[in-house]
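Please consult the sequence and the model shown here while reading.

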Amino acid sequence: MIYVLLFWEFFKIGLTAVGGGMVTIPFLLDLSGKYDWYSRGELLDMIAISESTPGPIGVNMATYVGYNIAGPAGGIAATLGEILPAIIIVTLVSKSLEKFSNNKQIDHIFYGLRPAVTGLIAAAGFDVFKITMTKASAAAPQITSISWGKFIYFILIFILIKKFKKHPIIYIASSAAAGIVFFPLFAL
């Protein structure tokens, strides 16, 4: 049954995606190859929508996938699967937080997890970069076929973000408008 499958797949993602919503992206890339639920190109749309809407990106993406695959009940099943591990873990941790708060082993575990989470986020970022910035199909992007229009726009937005540090919605909204107006340039 599709609801059980959605719940189970997102339960596994919620259980293993330590470090926040962006860490779910490599798992979602893997899921796109495992099932015919969405393409890698559609994953970029999901990321954009999930980043543009309120709430955690992992939960938003689970809801989006579940809803697109099996309607409202699918969205609920995937979302519950995504959040249930966190609820269980936070409940268990909060019960024993006082006992482990000064434990050096726990500090060392989290110290070791930080670079792994950073690596997962960087790998996901590189995959999104390849899919977004190339002229090849989303299913098989080649880093050698960079779309220079998209790349120049990427650099421009990056510089604006670093220089002016405005709210992300300003960059998202202006980029949506730029996509409408300058679409032919992005295809270069």
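## Contact between helices α3 and α5

Two residues are said to be in contact when heavy atoms lie within 4.5 Å. The model discussed here is predicted. In it, Arg-40, Leu-44 and Ile-47 of helix α3 meet Val-128, Ile-131 and Thr-132 of helix α5. By class, this contact of α3 with α5 comprises 4 nonpolar, 1 polar and 1 charged residues.

Two packed helices are described by the angle between their axes and the distance between the axes. Helix α3 spans residues 40-52 and helix α5 residues 104-133; their axes come within 10 Å and cross at roughly 110°. Angles of 65 to 115 degrees count as roughly perpendicular, and α3 is therefore roughly perpendicular to α5.

In soluble globular proteins, nonpolar side chains tend to be buried together. The largest nonpolar core of this model has 25 residues, and those with the most contacts inside it are Phe-10, Leu-28, Leu-31, Tyr-38 and Leu-43. At least two residues of this core are supplied by each of α1 (2-16), α2 (24-34), α3, α4 (57-100) and α5. Helix α4 provides the largest share, 6 residues.

Leaving aside neighbours within four places in sequence, Leu-28 is in contact with Phe-10, Ile-13, Tyr-38, Leu-43 and Met-61.

Ser-50 belongs to helix α3. Its relative accessibility is 2%, so Ser-50 counts as buried. When residues up to four places away in sequence are not counted, Ser-50 touches Ile-57, Asn-60 and Met-61.

## Aromatic pairs

A pair of aromatic rings is described by the distance of the centres and the angle of the planes. The count for this model comes to 8 aromatic pairs. In one of them, the rings of Phe-7 and Phe-11 have centres 5.9 Å apart and planes at 25°, so the pair is stacked. Both residues lie in helix α1, 4 residues apart, which is about one turn of the helix. Phe-7 is partly exposed, with a relative accessible area of 28%, whereas Phe-11 is buried, at 17%.

The rings of Phe-151 and Phe-154 have centres 6.1 Å apart and planes at 35°, so this pair is tilted. Phe-151 and Phe-154 both lie in helix α6 (residues 148-164), 3 residues apart, about one turn of the helix. Phe-151 counts as partly exposed at 22% relative accessibility, and Phe-154 is partly exposed with a relative accessible area of 34%. Ring pairs also link Phe-129, Trp-148, Phe-151, Phe-154 and Phe-158 into a cluster.

Terms used: Residues are numbered from 1 along each chain as its sequence is written. This is a predicted model: local features need pLDDT of at least 70, side-chain atom pairs count only at pLDDT 80 or more; totals for chains, interfaces and linings use all residues. Side-chain values use heavy atoms; hydrogens and water are left out. Axes are lines fitted to C-alpha atoms, for helices over the stretch in contact, and angles run from 0 to 180 degrees between N-to-C directions. Angles under 35 degrees count as roughly parallel, over 145 as roughly antiparallel, 65 to 115 as roughly perpendicular and the rest as oblique. Ala, Val, Leu, Ile, Met, Phe, Trp, Tyr, Cys and Pro count as nonpolar, Asp, Glu, Lys and Arg as charged, and the others, Gly among them, as polar. A nonpolar core is a set of buried Ala, Val, Leu, Ile, Met, Phe, Trp, Tyr and Cys residues joined through side-chain atoms within 4.5 Å. Buried means under 20% relative accessible area, exposed over 50%, partly exposed in between (1.4 Å probe, protein chains only). Rings of Phe, Tyr and Trp (its six-membered ring) pair if their centres lie within 6.5 Å; planes under 30 degrees apart count as stacked, over 60 as edge-to-face and the rest as tilted.
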